[in-house]
Amino acid sequence: MEDDDQRVVDLVKELVQRLLYTSNPQNPSASAPTQQDYNQAVKYSLRILSSRMTPSIAVDDAAMAESIKRRLATAGKSSEALTFADLYAKFSLKNGLGSVKNKWAVLYMLKTISEDRKIRKNQFPNMISNGFLDSALAGGLPALYESDVHGSSSGGYGKLNKNSKVGGISNGFDGLRGSSDSVRNFRGLSNLESDRCEKILGANLDSFSSLTENMKKLKGGDNSRGLNAREHLEKQFGGGMLLVSKDPENIRDMAYREFVDLIKEENEVTEVVLVRDVLYACQGIDGKYVKFDEKVDAYVLPEFVKVQRATRIMVRKLCELGWLFRKVKGYITDSMDRYPAEDVGTVGQAFCAALQDELSDYYKLLAVLEAQAMNPIPLVSENASSGNYLSLRRLSVWFTEPMVKMKLMAVLVDSCKVLKGGAMAGAIHMHAQHGDPLVNDFMNRLLRRVCSPLFEMVRSWVLEGELEDIFAEFFVLGQPVKAESLWREGYRLHAAMLPTFISQSLAQRILRTGKSINFLRVCCDDQGWADAATEAAAAAGTSTRRGGLGYGETDALESLVTEAAKWIDRHLLDVMFKQYKFKEHCLAIKRYLLLGQGDFVQYLMDIVGPDLSEAANTISSFKLAGLLESAIRSSNAQYDDPDILDRLRVKMMPHNTGDRGWDVFSLEYDARVPLNTVFTESVMSRYLRIFNFLWKLRRVEHALIGVWKMMKPNCVTSRFFSKLPQAVKLQLILTSRKCQVLWGEMNHFVSNLQYYIMFEVLEESWSDFSKELEAAKDLDDLLGAHEKYLHSIVEKSLLGERSQNLNKTLFVLFDLILRFRSHADRLYEGIYELQSRTADSTSRAKVGVKNVPSNKTSDQGPWLGEGRKDITRRAREFLQNMAQDLDALAKEYSTVFEGFISQLPIQQHVDLKFLMFRLDFTEFYSQLRPSKGEKLLF
């Protein structure tokens, strides 16, 4: 082993000798090196080989070869570059025994020697005469300053013999502690020398400020100042210090150390401590110096801590992340502590879980940074860029992305403090509309977690009809109601909980789909909706399992809702039309409550008329129910569905004193579940209004028919007229004509009004209603069609709010017609009484009736016992009074009728113009009083 070490030393000596004593063609006049130069060069070489110095560039053979070729090519030596490329190719292929293992080092050495020669050529000739030191000081190999040969702590390998000559090279190394020791120091990297160098650096750190000035003078080119600087350096470092740097005089290192000293003077706290405190603050923990100030509401570095202003600003900016973390963490903790309170809910819980996941990633980053913070911050600038350490500036780079996310989470926390459910999801969605891809991805990831409970509620509602919302977070709100009010009042949209990414139309479809399922299950007692929901999910390409929907899948959600609504609404309409016969029940209401079954209505009116003429409080509803059954059995109504006939009943409305049976009688139709969803109490009350109007119209018509029956001439009346005195006969004819003319006017009005109601109103509305039923796609369409049908009847029948005045006038006309019926009855009863009295008086005059009992006289009327003259006088007075009453009635009727017909043209409903046309198609009423300006408007 010692032989190998001695061989290495010999090779080094031979290499140094060749380098020093080979003639320099560029400077042939240069003086030859002395023995002292030779010994110093050998010592310098051995120290380089035994040092820990490493190049500042990466070890790469190909890159180094490429750099040499590029340098030769740029210098205009293309042929030499090609030759070098060929030689390098052969050199790189040689491997095994006898080959060079560290090829990169050889190339690097050649390149360094070439650069050293080039730099030495440009140096000042009077700077340093020694060629070896020239190259070192000018940027080539590092310089070795002469040590104090007499000092015991020179730090070299031994004392050099200044009297040695070139021929006695071996004698110059007698004091080197042996050749084997030198080689061992070369291979073991001489820990002793390294420690001594570090001690020297530390001991002389304060003198670098003065050294910097001397090195600047050395660079200035002044020969005397350069020599003085060299002597100063030799005195400062004892002649045994090796300075290694990219610049020959180590000016950058010395300046950097001066900067370190300045930093130490200006800062009481090291950067490592501040980095550790900032990491604590970012976890919401107070550090040794950086603590949270409640007054300022921020992490602050106290003023008494002496640091640079730039460092203080940097710490404050970095600690903003801790303030944001404190806000987010506080919200999570507070929400989880309050759960399961109603103001947190499942969406709020999901939001907190998503925030906690993001904080988990944040914790992982802090753990990595804390591990890096344990490494010391280097003091040498060359090593600062590659070391695995953590400074405040590096921390600011690490915190760039977490700062963006934490700011966004803090903004979301502030926005969602008082929100829950769909409102919270909508508020978070508003922040997702961002152009930054980082923010957009973060928000989408967060919203998928937050909206998961909300989309699960939607899936459960549209496919199962279940409202799983114990915290009132869903935009569909349910409330307990009766079965008949389930569809209209059981569920409604909660606008405050509707998220912005679900449109109003889509929300309405979601609401209707779930309502349809609940209506089928509760009201219709049907289970077929489950199959419809399964088919809808299959058609939409989703499953009925949980987790099938999520944020960002709006198209899939809309497709599922559309398919579910289509299948379930179709099934619901099939149940309503086929199982519960909705259209048949609507037709039954039209035939019985709207008096469309003519034979039934006529027979009912005939058999109940006598009873309804009595006082209302004396009429038995059971007797009227029996009469209703008789009318059904005596008309074509007996062939209807028994279920429909069982629903038809008699209803006596509340009555007042003096009301007749006509005023309180009505029919009602019992609409059971689920039909009572359509035929609600308010709907049936409107049907009752229509029935009362139509019933009174039929009553008026029936009264006029009765008057006609009494006025119809016959042979008995003709013989009676011939026997009357001429004056009485003329009065009777005049009065009868007035009665007939007034009847004709009233009958014209009632007939045309009834035709208008039956054909222009009822049949037309029913036709439109039937078409809309065929086109209905859901229960809402069916309800809307029925509402439109009923509204059309009410408006056209003068029962609407806009026709109140006209309706009052119409009922006044009905009352006048009924008064006319009573006048006509009284007139013809008087005529028949006059006829009977006249016949009795004639028979008594012929037979000579005597001793007539007084009780019989009182029973036969006031005219009994009177003579013929008295009968004639009394008849004339009676007819005159009746004529006056009829004239007064006719005048009142004419006035009211003209008022009624004058209001028709100004009605907003267009169909009322047809009624005007039918009532005045001859323009009789229009031209009745043109002189008074009462011409009617059309």
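**Entry 1**

Is Arg326 buried, partly exposed or exposed? I looked it up, and Arg326 is partly exposed, with a relative accessible area of 34%. My cut-offs are under 20% relative accessible area for buried, over 50% for exposed and partly exposed in between, with a 1.4 Å probe and protein chains only.

A note on the ground rules before I go on. I am working with a predicted model, in which local features need pLDDT of at least 70, side-chain atom pairs count only at pLDDT 80 or more, and totals for chains, interfaces and linings use all residues. Residues are numbered from 1 along each chain as its sequence is written, and side-chain values use heavy atoms, with hydrogens and water left out.

Next I asked what Arg326 pairs with. Arg326 forms a salt bridge with Glu294, and the closest N and O atoms are 3.5 Å apart. I count a salt bridge when a side-chain nitrogen of Lys or Arg is within 4 Å of a carboxyl oxygen of Asp or Glu. Arg326 sits in helix α13 (residues 309–338) and Glu294 in the loop between β1 (291–293) and β2 (298–300), so this pair ties together parts that are 32 residues apart in sequence. Glu294 is exposed, at a relative accessible area of 58%.

**Entry 1: the whole chain**

I stepped back for the totals. The chain has 37 helices and six strands; these are DSSP runs numbered from the N terminus, with helices being H or I of at least four residues and strands E of at least two. Of the 938 residues in the chain, 45% are buried. Among contacts with a separation of 6 or more, 73% come from residues 24 or more positions apart, where contact means heavy atoms within 4.5 Å. I also noted that the structure holds 36 salt bridges.

**Entry 2: more salt bridges**

I followed Arg459 next. The side chains of Arg459 and Glu456 meet in a salt bridge of 2.8 Å, N to O. Both lie in helix α20 (residues 452–464), three residues apart, which separates them by about one helical turn. Glu456 is buried, and so is Arg459, the latter at 3% relative accessibility. Arg459 also forms a salt bridge with Glu464, with the closest N and O atoms 3.4 Å apart. Glu464 is partly exposed, with a relative accessible area of 28%.

Which residues are linked in a network of salt bridges? I found Asp643, Arg647, Arg649, Asp670 and Arg672.

I checked the length of α4 (residues 78–93). Its 16 residues should span 22 Å at 1.5 Å a residue, and the end C-alpha atoms are 23 Å apart, which agrees. The expected span is 1.5 Å times one less than the number of residues. The buried residues of α4 are Ala81, Phe84 and Tyr88. They cover an arc of only 60° around the axis, which puts them on the same side of α4; the arc is that of the directions from the helix axis to the C-beta atoms. The face turned away from that buried side carries the exposed residues Ser79, Leu82, Leu87 and Leu93.

Back to α13, which has 30 residues. It reaches 43 Å from its first C-alpha to its last, close to the 44 Å expected. I did find a kink of about 25° in α13, centred on Cys319; the bend at a residue is the angle between axes fitted to the seven residues ending there and the seven starting there.

A reminder to myself: most residues other than glycine have a negative phi, and most peptide bonds are trans. Leu595 has a positive phi near 60° and lies in the loop between α25 and α26. Leu595 counts as buried, at 2% relative accessibility. Leu798 also has a positive phi, of about 65°, and lies in the loop between α33 (779–796) and α34 (804–847). At 1% relative accessibility, Leu798 is buried. A cis peptide bond joins Val673 and Pro674, with omega about 5°, and Pro674 is in the loop between β6 (665–669) and α30 (681–711).

**Entry 3: Gln597**

Where does Gln597 lie? I placed Gln597 in the loop between α25 (582–592) and α26 (598–612). Gln597 is buried, with a relative accessible area of 11%. Not counting residues up to four places away in sequence, Gln597 touches Arg591, Tyr592, Asn636 and Ala637.
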